[in-house]
Amino acid sequence: MIFAADSAFWQAFTQQTIDGLAFGALIALIALGYTMVYGIVELINFAHGDLFMLGCFLSLTILAAFGLGGLGFDATVKDPSPVYVAVVLLTCLLVAMPFCGALNFAVDWVVYKPLRTAPKLAPLVSAIGVSFIFMNVGLFWGGAQDVNFPNLIPDTNLMSADSGIRFTYKDAMVFGVTVPLMIALTLFVQYSRLGKAMRATAQNPTAAKLMGIDTNKVIGLTFAIGGALAGAGSVVYALKVNTISYTMGFQNGLYAFTAAVLGGIGRIPGAVLGGLIIGLVRYYGSAYVGETWAGALIFGILILILVFRPTGLLGSTTREKV
Amino acid sequence: MPFRITLPLILLVLFVAAGVAGLALSDNAQSKGKPDVIKIVSSLPRSGSARGQTDSIVQGLKLALHEVNYQITLGDRTYKLEYQDLDDATAAAGNWTIEQEIANANQARSDPDVMVYVGTYNSGAAKVSMPILNKANILMISPANTAPALTKPNTGDKHEPQCYRPTGKVNFCRVVPADDVQGAVAAQWANEIGAKQVYILDDNEVYGKGIADLFHRTCKEKFGIKVLGQESIDSKQQEFKPLLQKVKDAKPDLVYFGGTTQTKAGQIFKDMISVGLTCPMMGPDGTFETAMIESAGKESFEKAPFYATFGGLPIEELKDGRGPTFIKNFTALYGKPPTEAYAAYGYECGLVALDALKRAGKKDRDAVRLAGLATENFVGTIGKWSFDANGDTDSKVMSGNTVKDGKFVFDRKLELKTSARNSP
């Protein structure tokens, strides 16, 4: 049957693969925040998905301020030139990244740092609390309904029409932002001084402290970097999906957290791999199994992998965290 | 020691209980009512967010009573018509409350002059008062309840609608078409615009899936429209691109979504466009709201048409039956024409109540109930209709709406013809 409809089948399959990878790249960007924080303080920062949500609302507010519409304001700039749009979007990125980074840093400073020596459950429950606080801020910011995010990146296909495959500017933007960020992060953690300090703190905080590393500062900066990645993710996500809502952090955060666990929590390449797998499973699942089963499928695969490889795909027993 | 405290307490409770019971009894014994008065009450959320719509309903209802000068002659007696506007909402809740609706139903039940209960606005409230009024044999006419399970078997829980009719008799009727009619009407619209194959999505909830299933069935059985597939979504998901990609590959002429704006109708429309599918999308009245346009973004509606069905006609389309008279008299009484479609339903309820009283010919709850449910070939504001055995109107007049310039506009009148049947 597959052979009978081969060309149409492969076309659809390639399309779902491209879209799934683009979605997965976004999830991976959020997953990096989970995995880095877990790697260094062994805390699952449940508020991370909601931080990402706040980044989306900030971006929308910036768009509204620049007259591109959003949050109840009508677009005052009619048919904005691509240069204007590019400048505004770059501003979004340059504001949302430090904003989310600083917010995450502040949360660590205020909420998690005093609990550093407390039982593991205490910061975990606090993280859930922070998540709820963020959600309510989002509710206040954007209202209870789904909010439209202006469609600023055209859906124009970059492939030829007869190939039957769609690869749009949006997809190009997703890969264009996420891939360099991931490469930069890997290089940073691997080669920079701070990166080395982060890895040292992850391996053994006490020993790192003895070597003269200010572990609290290092942990704080890890939160900031993870937050900044979520900020970048929020801009790209909002531009691609075009709908944001105060509840969006939950589902996307859950996917990202799953991606981090799937790839081996604490491992940066693992989070990327996990994100891409989840993107593909979500898209193939919807296309070939059924939309309602896509969610179950993702968690089914997670369970299978954890049963046979408890440390995750790239996790090793003597793992080197972050 | 505890004994000494407990005994007086029990005695006190018994005493209070006896007092309350005595009061209730004496109240019952005394309230014989006024012999020359017939009361019509309405129970609607008069405070809170539905205030605008219920104002219209009450205005329409009062207009019907005003037209007969608040008087009715049954046999050789002339009765004065009294109208009581009860609120089933509280300002604190901002919405209808169970307690308030129960209180209203009990008030109507214990007042022997009350012959007709107009209400409710919310289907949930109807579920509360229906059994109380059923036991009291009071005719209940709703201007706004659309949940199918209130009247139709096999549309909800297996005990519905019998659980609302403890006496086994039907006392509830509604002048609005129920939600499930929308699915069938939508299928007719799809047929009218020449759709040959459709893809159906639903939100997996009672309302949305119910309508989508009916759309599915009507398409297949009545119009021979090919259904390429029906799939439920998980409305917690944030985007549905893979699903819409699959829908696109099936090459439909129309996508139907049984669901509401809250269950992601806007996102589905957006994803449909972003995967490059530009056929029309259609949805039920849960998508007929400005929130739909806001969440999907105004510019999306320029790329593909969006259609929404709605159970009722906009005021300016009331051209049949008593529609024009209604608009004329309404304008004369209130100084301006009605704005909300609900005004016509309020008026319709009043007309049905008066007609039922007239045909009953006496001030007797059971006679009025039977007469009300036997309403047949009634000429109302949207044309001629009858109640069926369940108390549902057989009028299947709905409006088809589309989006133009970022606003919903009336597109066409949709009317589904079915055979009228009547036996209360």
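Biologist: What separates the centres of domain 1 of chain B and domain 2 of chain B, taken over C-alpha atoms?

Modeller: The centres lie 33 Å apart, where domain 1 covers 37-177 + 316-393 and domain 2 covers 180-310, with bounds that come from an automatic or database domain assignment. This is a predicted model, in which local features need pLDDT of at least 70 and side-chain atom pairs count only at pLDDT 80 or more, while totals for chains, interfaces and linings use all residues. Residues are numbered from 1 along each chain as its sequence is written, chains are lettered from A in the order in which they are written, and side-chain values use heavy atoms, without hydrogens and water.

Biologist: Why is the pair D146(A) and K264(B) called a salt bridge?

Modeller: The term requires a side-chain nitrogen of Lys or Arg within 4 Å of a carboxyl oxygen of Asp or Glu, and the closest N and O atoms of D146(A) and K264(B) are 3.7 Å apart, so the pair qualifies. The count between chain B and chain A is one salt bridge.

Biologist: Which elements of chain B each supply at least two residues of the side that touches chain A?

Modeller: They are β10 (226-232), α7 (241-249), α8 (265-274) and α9 (290-296), helices (H or I, at least four residues) and strands (E, at least two) being DSSP runs numbered from the N terminus. Of these, α7(B) gives the most, with seven residues.

Biologist: How many residues of chain B are in contact with chain A?

Modeller: Contact means heavy atoms within 4.5 Å, and 30 residues of chain B meet 32 residues of chain A in this way.
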